[in-house]
Amino acid sequence: MLSYRPGATFAHRLDPRSKLLVQFGLAIAAVAHPTLPWLIGTTAFALGTLAAARLSPLAVLRSYRVVLAVLAVAPFVAGVALGPPWFRVDPALRSALHVGRILPVLLVSAAYLTSTPVRDTRAAVQRLVPGKPGQILGIGMALVVRLFPLVLADVREVRDAIHARGGEARPLWDRARLLAVRSLERTLDRSDRLSVALRARCFAWNPTLPPLAFDRRDYPVLAIGIALAVSPLVPV
C-alpha cells in the first residue's frame with residue numbers, strides 16, 4: 001500500500017506545493033493530448049518522478065493492480081460488437097489510448113504520496129487555498145490519505161475471514177454481498193471512533209501547521225509544473 005516513507009531522496013526534499021503543481025500540470029497535459037507519442041512522453045516523465053522518489057515501477061504497479069485491472073476492462077468492452085466480427089480492434093485501441101492517460105497520473109501520485117508527510121500536504125493545501133475552503137480541503141485530504149489504507153486493510157481482513165469460514169463454497173454474489181456489507185459496517189464503526197477521537201483530542205480547524213519554504217531546487221520543478229499545465233495551449 002502506498003503511504004509516506006521517511007527518506008532523503010530528491011522528491012522528499014521538495015516543497016509539497018511544487019510537487020502538487022507538477023501533479024496538477026501532468027494531469028492536465030495527459031488529458032489534453034490523447035496521442036501515443038504524448039502518452040509515451042508523459043509516462044516517461046512519470047517514471048522519472050518515481051526515480052526521484054526511489055520507487056520501483058513494478059512495486060507501484062502492484063499497488064495499483066486493482067485499479068489497473070478495472071481500467072483494463074474498458075478497451076475490451078469498447079471493442080465488443082453485437083454482431084460479426086464480434087470484436088473491433090480500432091475502438092478498443094482508441095479506448096486503450098484514453099485509459100492509458102490515467103497511468104502517468106497514478107505514477108506521479110505514488111511518488112507524491114510516498115515522499116510527502118500528510119501534515120505537509122495539509123499545510124500546502126491550506127496555503128494554496130486560503131480561508132475556510134482551504135481548511136476543509138486540507139482536513140479532507142489528510143483524513144482520506146490516513147484512512148484509506150485502513151479501510152482497504154479492513155476489506156482484506158473481511159475477505160480473509162470469509163475464506164477462513166469456508167466462504168469459497170458460497171455463490172459469488174453471496175460472497176460479494178457479505179464482503180460489501182461487513183466492510184461497510186467496519187468503515188462506519190471506524191468513522192464513529194474517529195469522530196469520538198477527534199472530539200476527545202479537542203480537534204482544531206486551524207492547528208499550527210509545519211512551516212513550508214521554497215528552496216532553489218523547487219523553482220525548476222515549479223517551472224515544469226507550469227509548463228505542463230499550459231501545454232494544451234501549444235499545438236502538437
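Q: What is the relative accessible area of Phe 214?
A: This is a predicted model, in which local features need pLDDT of at least 70, side-chain atom pairs count only at pLDDT 80 or more, and totals for chains, interfaces and linings use all residues. Residues are numbered from 1 along each chain as its sequence is written, and side-chain values use heavy atoms, leaving out hydrogens and water. With a 1.4 Å probe and protein chains only, a residue is buried under 20% relative accessible area, exposed over 50%, and partly exposed in between. Phe 214 falls in the partly exposed class because its relative accessible area is 33%.

Q: How many aromatic pairs are there?
A: Rings of Phe, Tyr and Trp (its six-membered ring) pair if their centres lie within 6.5 Å; planes under 30 degrees apart are stacked, over 60 edge-to-face, and the rest tilted. By this rule the number of aromatic pairs is two.

Q: What is the angle between the planes of Phe 214 and Tyr 219?
A: A pair of aromatic rings is described by the distance of the centres and the angle of the planes. Phe 214 and Tyr 219 are 6.2 Å apart, centre to centre. Their pair counts as tilted, with an angle of 40°.

Q: Which residue has its charged end over the ring of Phe 214?
A: A charge sits over a ring if NZ of Lys or CZ of Arg is within 6 Å of the ring centre and within 35 degrees of the ring normal. At 4.2 Å from the centre of the Phe 214 ring, the charged end belongs to Arg 17.

Q: How many helices does the chain have?
A: Helices (H or I, at least four residues) and strands (E, at least two) are DSSP runs, numbered from the N terminus. The chain has zero strands. Its elements, read from the N terminus, run α-α-α-α-α-α-α-α-α-α-α. The number of helices is eleven.

Q: Which elements are included in what covers the buried residues of α8?
A: Among the buried residues of α8 are Val 118, Thr 121, Arg 122 and Val 125. Contact means heavy atoms within 4.5 Å. The cover of these buried residues includes α2 (16-32), α7 and α9 (131-164).

Q: How far apart are the C-alpha atoms of Pro 117 and Tyr 4?
A: Pro 117 lies in the loop between α7 (102-115) and α8 (118-128). Its relative accessible area is 23%, so Pro 117 is partly exposed. Pro 117 and Tyr 4 are 113 residues apart along the chain, and their C-alpha atoms are separated by 5.8 Å.

Q: How far apart in space are Pro 207 and Gln 135, C-alpha to C-alpha?
A: The loop between α10 (172-200) and α11 (218-230) holds Pro 207. Pro 207 counts as partly exposed because its relative accessibility is 26%. Pro 207 is 72 residues from Gln 135 in sequence, and the distance in space is 9.9 Å.

Q: What is the C-alpha to C-alpha distance between Gly 7 and Leu 188?
A: Gly 7 is in the segment before α1 (10-13). With a relative accessible area of 47%, Gly 7 is partly exposed. Gly 7 and Leu 188 are 181 residues apart in sequence, and in space the distance is 34 Å.

Q: What value is phi of Arg 54 near?
A: Most residues other than glycine have a negative phi. Arg 54 is in the loop between α3 (36-52) and α4 (57-63), and is exposed, with a relative accessible area of 70%. Its phi is positive, near 55°.

Q: What share of the 236 residues of the chain counts as buried?
A: The C-alpha atoms fill a box of roughly 60 × 55 × 30 Å, taken along the principal axes. Of the 236 residues, the buried share is 33%.
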